[in-house]
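Reader: I'm new to this one. Can you walk me through it?

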Amino acid sequence: MNEPLPALVSTAWLGERLGHPRLRVLDTSWYLPAAGRDPVAEYVAGHIPGALFFDLDANSDPSTDLPHMLPAADAFAERMGAIGVGDEDDVVVYDGSGSNLSAARAWWMFHVFGHDRVAVLDGGMRRWQDEGRPLEPGRVALPPARFRARFRSEQVRTLDQVQEASRSGAEQIVDARPAGRFAGRDPEPRPGLRGGHIPGSRSVPSTSLVDEHGLLLPPDELRRRLEDAGVDPGRPVVATCGSGTSACAVLFALHLLGARGTALYDGSWSEWGRRTDVPVATGEAQ
């Protein structure tokens, strides 16, 4: 496709372009176990016509017990090429959560591996179905393609780097988990994790970035949500959440606002919350 690819596309935009030979649509749905949803079964039952399934768990590092850690660049490239996503393809990602729970993670993964021609479908599967657009059952198979991945390490932060950011304040830490988990009032969905948040971090739940229809808030409202939480989009931001998934919705919102110098704490609370050698704060952001 020769036209510029916006970072956020509408269902109407996608509907007009389905079937283009250089467009790849990916169903990237993933849910917490408590949701009781099976993303693969839902995909097979009905997906946007031509969409491939992007398995978030399979596209994670198998060598660690932390969930959803980035895989090696060559492993990501091999998986994308195997399902038929190539270097020259435009990619549109969506999920069925109604809040870009995992679509933004897939969007970020393509960026962190050097593939910038990727967009998020505004409203995702929910919007597509609400508009009565067609669905296709079964699985989609495409010929293998050549996909090269180039890891951008500056977009990822480690535990040690986040500890330093927490101490120095040189980078803002933004937590995308629900407010109750941030404050330590509500239990974590994963066992063995303390409640609370990284000291000095700000609370911006990922679900607060969309409206009641699952559509991303307009840029001025996104900026206001961030600023009301004490986040300056003009300063560097490290996003975190439970397992590095919903945090990417914050990174996506910042990208739409033109922010630079953003990064993901990939280990997120699954790593920080189980450690006893790092501090934990509770209550509202200070």
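Predicted model: local features only at pLDDT ≥ 70, side-chain atom pairs only at ≥ 80, totals over all residues.

Reader: Okay. How many helices and strands are in the protein chain?

Author: The protein chain has 10 helices and 10 strands.

Reader: What box do the C-alpha atoms fill?

Author: Roughly 50 × 40 × 35 Å, taken along the principal axes.

Reader: And what is the radius of gyration of the protein chain?

Author: It is 18 Å. A compact globule of 286 residues would be near 19 Å, so the two agree.

Reader: What share of the residues is buried?

Author: Of the 286 residues, 52% count as buried.

Reader: What about contacts between residues at least 6 apart in sequence: how many join residues at least 24 apart?

Author: That share is 79% in the protein chain.

Reader: Switching to the surface. What is the accessible area, and how much belongs to carbon and sulfur atoms?

Author: The accessible surface comes to about 12300 Å². Carbon and sulfur atoms hold 50% of that.

Reader: How many positive and negative side chains are there?

Author: There are 30 positive and 39 negative ones. The centres of the two sets lie 2 Å apart.

Reader: Which residues in α9 are buried?

Author: A247, C248, A249, V250, L251, F252, A253 and L254.

Reader: What follows α9?

Author: G258 does, and its phi is positive, near 85°.

Methods:
Residues numbered from 1 in each chain as written. Heavy atoms only, no water. Helix = DSSP H or I, 4+ residues; strand = E, 2+ residues; numbered from the N terminus. Rg over C-alpha atoms; globule rule 2.2 N^0.38 Å. Buried < 20%, exposed > 50% of the residue type's maximum accessible area, 1.4 Å probe, protein only. Contact = heavy atoms within 4.5 Å. Areas by Shrake-Rupley, 256 points an atom, 1.4 Å probe, with all protein chains shown as cover. Lys, Arg positive; Asp, Glu negative; His and termini not counted. Charge placed at Lys NZ, Arg CZ, Asp CG, Glu CD.
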